[in-house]
Amino acid sequence: MTTGAQTPLPPARPKRSRLRTFLPLGVAAWFVLEVWLLTLVAGATSGLVVLLVLLAGLVLGSVVIKRAGRRAFRKLSEALQQQQSGGMPDAARPDSEGNGLMMLGGLLLMIPGLVSDAVGLLLLLPPVQKAVSRSAERTFERKLREARPGTLGGAFQQARMRQPDGKVVPGEVIRDEPGDTPQPPRPPLTH
């Protein structure tokens with residue numbers, strides 16, 4: 001039966017970001033490059049050499065990750081002890097940088113492949129760590145400056161409550177601060 005009303009159009013799909021489009025292609029290209037290089041090295045030398053290189057990367061990567069984890073735990077313990085003794089922990093210590101990059105370098109060493117091993121070894125060098133951390137910090141600060149106001153803050157100011165029938169009811173978080181004068185109840189939110 002036709003009522004003459006138009007059928008509603010399906011909602012438009014949001015545009016995919018470039019990262020979601022090209023990241024799988026980049027990972028696939030990296031995988032193909034790693035396999036090609038390993039077969040190239042195996043053809044030039046022998047399969048035993050490739051196996052030894054992969055095992056050495058695995059062992060070295062695990063040692064690096066273990067060392068970086070111990071260093072991070074030691075720094076955390078020192079900061080907690082210093083805070084418990086009444087002192088303020090140092091905010092910026094020059095030797096506290098690089099634990100995350102060392103762990104990333106160790107992880108890249110553990111991943112089988114020659115390109116990942118080369119990148120992992122580069123991340124273990126202190127000048128490279130400083131350059132990467134500075135670049136990441138600048139990128140993070142730039143992204144924070146470019147962010148529209150209210151994008152993340154608005155998420156904390158709005159709450160969603162679910163009714164028993166599954167409908168989502170938008171709501172507002174009201175925080176009562178000590179010393180505030182009591183306010184009359186607000187009218188309910190409507191669509």
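Who makes the contact? On helix 1, it is W30, L33, E34, L37, L38 and V41. On helix 4, it is L114, V115 and S116. By class, that contact has 7 nonpolar residues, 1 polar and 1 charged.

Next pair: helix 1, residues 18-44, with helix 2. These axes also come within 7 Å, and the crossing is roughly 130°. Helix 1 and helix 2 are therefore oblique to each other. Helix 1 brings L38, V41 and A42 to this contact. Helix 2 brings G47, V50 and L54. Note L38 and V41 of helix 1: they touch helix 2, and they touch helix 4.

Third pair. Helix 2 covers residues 47-84, and helix 3 covers residues 99-110. Their axes come within 7 Å and cross at roughly 160°. Helix 2 and helix 3 are therefore roughly antiparallel to each other. The crossing is left-handed. The helix 2 side of the contact includes G57, L58, G61, I65 and R71. The helix 3 side includes N99, M103, L107 and M110. In total, the contact residues divide into 11 nonpolar, 6 polar and 2 charged.

Now the record. An unreviewed UniProt entry places "transmembrane region" at residues 21-42, 48-65 and 101-125. What does the model show there? Residues 21-42 are 100% helix, with end C-alpha atoms 33 Å apart. Residues 48-65 are also 100% helix, and there the ends are 26 Å apart.

Last point: confidence. The mean pLDDT of the chain is 79, and 71% of its residues reach 70 or more. Which element has the highest mean pLDDT, and which the lowest? Helix 4, residues 114-123, is highest at 93. Helix 6, residues 153-157, is lowest at 44. Over residues 153-162 the pLDDT is below 50. Where pLDDT is low, the predicted coordinates should not be read in detail.

That's it from me. Thanks.

Terms used: Residues are numbered from 1 along each chain as its sequence is written. This is a predicted model: local features need pLDDT of at least 70, side-chain atom pairs count only at pLDDT 80 or more; totals for chains, interfaces and linings use all residues. Side-chain values use heavy atoms; hydrogens and water are left out. Axes are lines fitted to C-alpha atoms, for helices over the stretch in contact, and angles run from 0 to 180 degrees between N-to-C directions. Helices (H or I, at least four residues) and strands (E, at least two) are DSSP runs, numbered from the N terminus. Angles under 35 degrees count as roughly parallel, over 145 as roughly antiparallel, 65 to 115 as roughly perpendicular and the rest as oblique. A crossing is left-handed if the near helix is turned anticlockwise from the far one by less than a right angle, and right-handed if clockwise. Contact means heavy atoms within 4.5 Å. Ala, Val, Leu, Ile, Met, Phe, Trp, Tyr, Cys and Pro count as nonpolar, Asp, Glu, Lys and Arg as charged, and the others, Gly among them, as polar. UniProt positions are given in the numbering used here, feature names are shortened, and annotations may be inferred rather than shown by experiment. pLDDT is the predictor's confidence in each residue, from 0 to 100.
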